[in-house]
Structure formats: structure tokens, C-alpha cells
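Let's take a walk through a protein together, going from the whole fold down to single residues.

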Amino acid sequence: MSQIQVTMEVGKDGVAVITISNPPVNALALPILTGLKENFHEAARRSDVKAIVLTGRGGRFSGGFDINIFQKVHGTGDASIIPDVSVDLVVNAIEDCKKPIVAAVEGLALGGGLELAMGCHARVAAPRAQLGLPELSLGVIPGFGGTQRLPRLVGLSKAIEMMLLSKPTMSEEGKKLGLIDAIVPSEELLKVSRTWALEIAERRKPWVRSLHRTDKIGSLSEAQEVLRIARQQAKMTAPNLPQHQACLDVIEEGIVRGGYNGVLKEEKVFKELILSDTAKGLVHVFLAQRATSKVPNVTDVGLKPRQTKKVAIIGGGLMGSGIATALIVSNIFVVLKEVNSEYLLKGIKTIEANVRGLVSRGKLTKDEAERALSMLKGVLDYSEFKDVDMVIEAVIENVPLKQKIYSEIEKACPPHCILATNTSTIDLNLIGEKIKSQDRVIGAHFFSPAHVMPLLEIVRAQKTSPQVILDLMTVGKTIKKVPVVVGNCTGFAVNRTFFPYTQGAHLLVSLGVDVFRIDRVISNFGLPIGPFRLQDLSGYGVALAVGKEFANAFPDRIFKSSLVELLVKNGRNGKNNGKGYYIYEKGSKPKPDPSVLPIIEEFRQHTKKMPGGKPISITDNEILEMILFPVVNEASRVLDEGVVVRAADLDIASVLGMSFPSYRGGIVFWADTVGANHVYKSLKKWSEMYGGFYKPSKYLEERAIKGIPLSAGATSSPSSKSRL
Ligand SMILES: C[C@H](O)CC(=O)SCCNC(=O)CCNC(=O)[C@H](O)C(C)(C)COP(=O)(O)OP(=O)(O)OC[C@H]1O[C@@H](n2cnc3c(N)ncnc32)[C@H](O)[C@@H]1OP(=O)(O)O
């Protein structure tokens, strides 16, 4: 029998229990929605049914509308495959049913799942069930009446907060808010829900149709004031996201013209938004993120992950201490090794400060922080390494030093121990060259700050065993990172793809474009900060070192900028020493520093790139394209060389590692939205004007000429050789 089904059982008490079954989260797929309608109609018709309980199988009520259907809509451009659920099912079959319906909620009720529950006449929940309407995070608004019923159940301000921030709440809080009528232990959930439904039928408990309530909305003028403030805030916090204003408009319609009219407007707006680029990007990111956990020949060959209880980290610098923090807060014991007690103490202090930071941001309780710190031990030799399951080397980027460490740890660690390195650029085959156990060598590339940034790039060297990859993926998930498995090359997937990002920005400056304008254009596009502020933050030393690596690896296509060297010569080192492109003052936003302008001018005079010695005239959109298209060009090479399993992995890596806006779907997805042909033609034109930095790659050229998206069958081009 299919696992995707809706069943109905009528008990001797006259209660029909309708159960949604679609593992793992009981998503509301089309057959589920049809099944619900049929069963509700049957229950309403049958004379032996007095009341109804709606629930989900397997401890989860429902994770909402099936997101795969969104993807189908995006593929066809036809939103008509989305059935009429809002009126036909939720209003007519559930809320206006002549028999009372109680939702028995366990585990989670999200999106359409919570909307079904809110259509019922009461909600009984198990403890710690997750309740929310996260639709805006997918680029749409709730579409099964959620924009109307949530404000009527929990009040307008709270409902707006939950929807606009896509922030779920737990059943305990839900009970206080009025979203949940009772919380009972899981074992009693069905029993209590049945009784509750019967008591409504007998008029011993209220029979509430949420859409008809007005008591929590306040007066029209109060409601409009709340909406006005919310609109203003959304304008600032989500300027590029149309679903935020649309959601507020739809809520307002229901307040001004009544809940039913609100439902009708919601349905119309939902179908418009589903076809927006924002929804396409966000849905892609949702599904692509989950796909990263499927790695051919690793996760599909019957291997079982081994447990990683104790990890040794070599190097207590910024990266080492960040990684240690991420591990200890997830209950993994860490041995931190440094070369002397001064450095060790510094590393431990950084970890303590990281943990304190998590407490002050409400991510950790004080008790959890104490427990985490008790999982940390600082050492100065290898004696503690005899029983570690994994070593993560996080010392400076120096090949002989790393090779020496690898020879030492091969001797000091047990034979099963994973030998990981946090290098961000160096060839892994080189690091592991001098040892025997090359199958245990792997890259664990964290992004700074390692205890905050969500990406873990797992770099597979030539001989890395699938078991080792699977184990590191498992550790990554345990510490709440998104592991993306990539191949071995200079800069791996993220840094390699994005090396032209800063260089493109520098090239534009050499042509006379203002540094601060470039940063503004990039943040308006949706990255949190522009390339110059990013350089200020990471420090100019890093920029110089990384620049050298890429200059060696890809001499045919780099823009060698002397700007950073010039800044360093003038005593500047970014935010580190308070002398960057920006002025950094405590408590206020960074401000452009006018004293940097003469140095920039000197750089321009030096490079002599400005045509006729005058700054070029350029639009904001051209600035954006001249910075991001070279990145797309390098992404094409990364795809061509098979550095990633699938193009979507590079999208996730760009979103989580570079903070590329998720609503643009990631770098490759965005490029396909713009069109390979436009990217190719633009690069070709600029390469003729400004040189090899812009020269389009073969892969891009081929895709542009044939009209194939960059993301399609990334590793099938004739020149491709997978590195995975
Ligand atoms: C009209 C309506 O208003 C519109 C809607 O309802 S839109 C949908 C709203 N719902 C959501 O946004 C919830 C999305 N899901 C989630 O946040 C999380 O998956 C969750 C909290 C439910 C579970 O998280 P977690 O236990 O970590 O499992 P996770 O790996 O994310 O998901 C398990 C599987 O369920 C799938 N899944 C989760 N929610 C889904 C959904 N709504 N539709 C389809 N598949 C879904 C995932 O894709 C994943 O599939 P895979 O095993 O093939 O990779």
C-alpha cells in the first residue's frame, strides 16, 4: 500500500480520525489534499460520525504544502496545478463542516499544515510541537488562509512577527498565545482530542471558526497603525523581497473587508508570488540544500557513519578556536594543541569569548556554555592524540609545516583517525604527500567565524575514502553545518569561484569607479557587505596571501591589483588597525574614510587603465555585472572540471559561504536567470576592452551558443573530468 495516503477510522465513540501519511514530514502532496477532501466529505456524510479528529502519522502533523509542487510550477510556469485548497477544503470542508473537527498536533505543524489545523474548531497539541508559517522564507505567503486565521488567533502583531520572520513557535508558547487550546502528553493526544471533539458536538466546549473571530484584531485604526509600522520595517529589512509587503496587504484586506475576502485575495496573491524570481530562488535553495546530503558513491553505497566523540585541533588561532567552539557546543570533546602556553592560553580565551558571545545572543544557556567549556582541553604535545577520532589541522598556510604535522599525527593518532585540514587553498594531495594513510586525508574547510558560518566545505583528495567523507559529513551535521562535498583544486569550490569577485572590484576602481559606490551596488543586490568592506574585515594580509595563491594557479585570468600593497605601505590594514576603506567607530555604522582617496588615486595613476586618463562612465547594473559575471565565468570552470557534484551544490556553497542572497538562488541559478548568453556576450565585449580577466570560459561559450543553462548536466560536457 502507498505510504502517501489519507486514512479514516471511525471509532465506537462516533469520532472519525483522519490521518495524513506522507513520510517523512507528511507534506501536503496532491494525493493528500484530494484524500483529505474525500475523507472530510465522507465523515460529514456518515450518520455514525459525530465528530472528527485530524492528525498526522509518525509523530508529525504536517510540514505543509509539498514544496516539490512549487518546483513543478517553476518548471512549467503554470500555477494552475495548485488546487483550490483554501476555500474548497479549509473553509468549506473543514471550517464550515457541520460536525466539529479537532486538530491533534504532534511534532510539527508548519505552513499549510498549521493552516489546516487553524481551520479546525480546536487544536490540541503534544509538548514541544513546532508551529509556524514559514512561507515567506520560500518567497510566497501562506496560501491556505494562514494570513487571515493566524492574526485572529494570536493577535495582529504576533502574527505579523511569526509570518514576516518565518519564525516558528512551540506549543507551550502557542497555548499562551491562543493558537493551541490544550497541551497534553503525546500518549494522550488522540484520546483527549476525541473527547474534545465530542464535547464541542455536545456544546460543552466552544465551537470556534477562527476566520469569523475579531476579538484579537483590535480597532481598525489600531490595526492599520500596526500594519504601517510593519511595512516601514519590512522596507528596511527586506527591500528586495516582494512577499513581505504583499503579506501585509493581504492581512489588511481581511481586516478591512472581512476574513473571507482576505482569503480570496490571499489565494490570488499567492499564485502571483509563486511565479516570482524570489520564490524560484528560495525554493531552489530549500531543495538544493537538502540535496547536498546525497553524494554519489558515498551516501548510496550502504556505509554507516562511525561515531566521532573526540577531536584534536592543531592551532588555536581564529579558525582553530572557532572550529573548537563549534564542536564543544555540540558535545564533541576537543583537544586543542598549540606550540607554547602563551598561544594556547590565547586560543582558549578566544573559545571562551566565542561561547560567551553565544550566550549573550541567546543561542546557548549558561549551563550549556559551562558544559561546552568542560569538553575542552588544551595541550602542548601529542600524548592526548592516542584516542582521537579526528584531527583538524588549522595552522598557517605553509606547505612544509603542514607536511611535518601530517607525518607527526599519522604516528600519534589511532589508525581509524581522520586526518583533516582546514586549509582554504592548498592542494590536499600535497599536504598528505609524505604519509602512508592518504585515504584518511580530507579537507574540512570552515568559513570564518567558524562557530557562526553555516557552510562546511568537505574537500575530497585523490585517495580519500568514502567512509572518511561520510564520517566528516556526519560530524558537520552534528555541529549544525551544511556539509558540501567538493573536489580538490586551488581555492576549492567557494574561494575558487569567488576569487574574481574582489579582483573585478579592483579592476573597476582602476577604471575610475568609486570604491564606496561599488560596495553600495553590491549590498543593494543583496550581499550583506560589498567587496571593500569585506576586505577591511578579513584584513589586508589575507588578501595579499590569497591573491598570490590565485595568481600562481590561474595566471591567465587574474587582475593583479597593487591597491592593497599600496594601502599596507601607507600603514593601513583594514578594520584590524582601524585604517581601512572605512572608519570604524564603536556604536556607529562604518563610514567611508576620505583619507583613503589619495591612495586610490595613486593606484589609478599607477595602473593607467582609465581610457584617456578619465574615469569610465558606468551604470550601477554594469558595475554589478562587471563584478559578478567574472565570478559566473569561474563558476563555469568549476562546473566543467567537476569540482562539485551538481551545480546546485555551488549555489548552496555560494549562499552559505559567501552570503550570496538566497532569494537569488545562488550564483549559478542567478546566472541562469540572467541567461548564459548575456553573460557570455558581456564578458566577450569587456575582454576586448579590458583584457584576459574577462575572457569567457569554453564551458560558458558552449552553453551560450547552444542555449543550454549553466546548471544543466554540469559534468557532462566533453571537456569535463570529475574531481569527485
Ligand atoms: C500553501 C501553503 O501556505 C504553502 C506551504 O505550506 S509552503 C511549505 C511550508 N513549510 C515549510 O516551509 C517547511 C519546510 N520544511 C522544513 O522546514 C523542514 O524540512 C522541517 C522542519 C519540516 C523538517 O526538518 P528536518 O527534520 O531537518 O528534515 P529535512 O531534511 O529538512 O526534511 C526531510 C525531508 O522532507 C522534505 N520536506 C520537508 N518539508 C517539506 C515540504 N513542505 N514539502 C516537501 N518536502 C518536504 C525535505 O525536502 C527532505 O527531503 P529529502 O529527505 O528527500 O532530502
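Helices (H or I, at least four residues) and strands (E, at least two) are DSSP runs, numbered from the N terminus. By that count the protein has 29 helices and 19 strands. You are looking at a predicted model, in which local features need pLDDT of at least 70 and side-chain atom pairs count only at pLDDT 80 or more, while totals for chains, interfaces and linings use all residues. Residue numbers start from 1 along each chain as its sequence is written.

Begin with the overall form. Along the principal axes, the C-alpha atoms fill a box of roughly 85 × 65 × 55 Å. A compact globule of 724 residues would have a radius of gyration near 27 Å, and the protein agrees with this at 28 Å. (The radius is taken over C-alpha atoms, and the globule rule is 2.2 Å times the number of residues to the power 0.38.)

Now look inside. A residue is buried if 20 or more other C-beta atoms lie within 10 Å of its own, exposed if 12 or fewer, and partly exposed in between, with C-beta atoms placed from the backbone. Of the 724 residues, 49% count as buried.

Why does Leu150 count as buried? Because it has 27 C-beta neighbours inside 10 Å. Two residues are in contact if their C-beta atoms, placed from the backbone, lie within 7 Å. Leaving aside neighbours within four places in sequence, Leu150 is in contact with Met118, Leu133, Ala159, Met162 and Met163.

Next comes the nonpolar core, a set of buried Ala, Val, Leu, Ile, Met, Phe, Trp, Tyr and Cys residues joined through C-beta atoms within 7 Å. The largest one has 214 residues, and Val391, Ile442 and Ile458 have the most contacts inside it. Helix α25 (residues 620-640) gives the largest share of this core, 10 residues. Not counting residues up to four places away in sequence, Ile442 touches several others, including Ile418, Ile458 and Leu472.

Finally, find the ligand. Of the 22 residues around the ligand, Gly64, Phe65, Gly111, Gly112 and Gly143 come nearest; a residue counts as near if its C-beta atom, placed from the backbone, lies within 6 Å. The elements that give two or more residues to this shell are α2 (67-76), β5 (108-110) and α4 (112-119).
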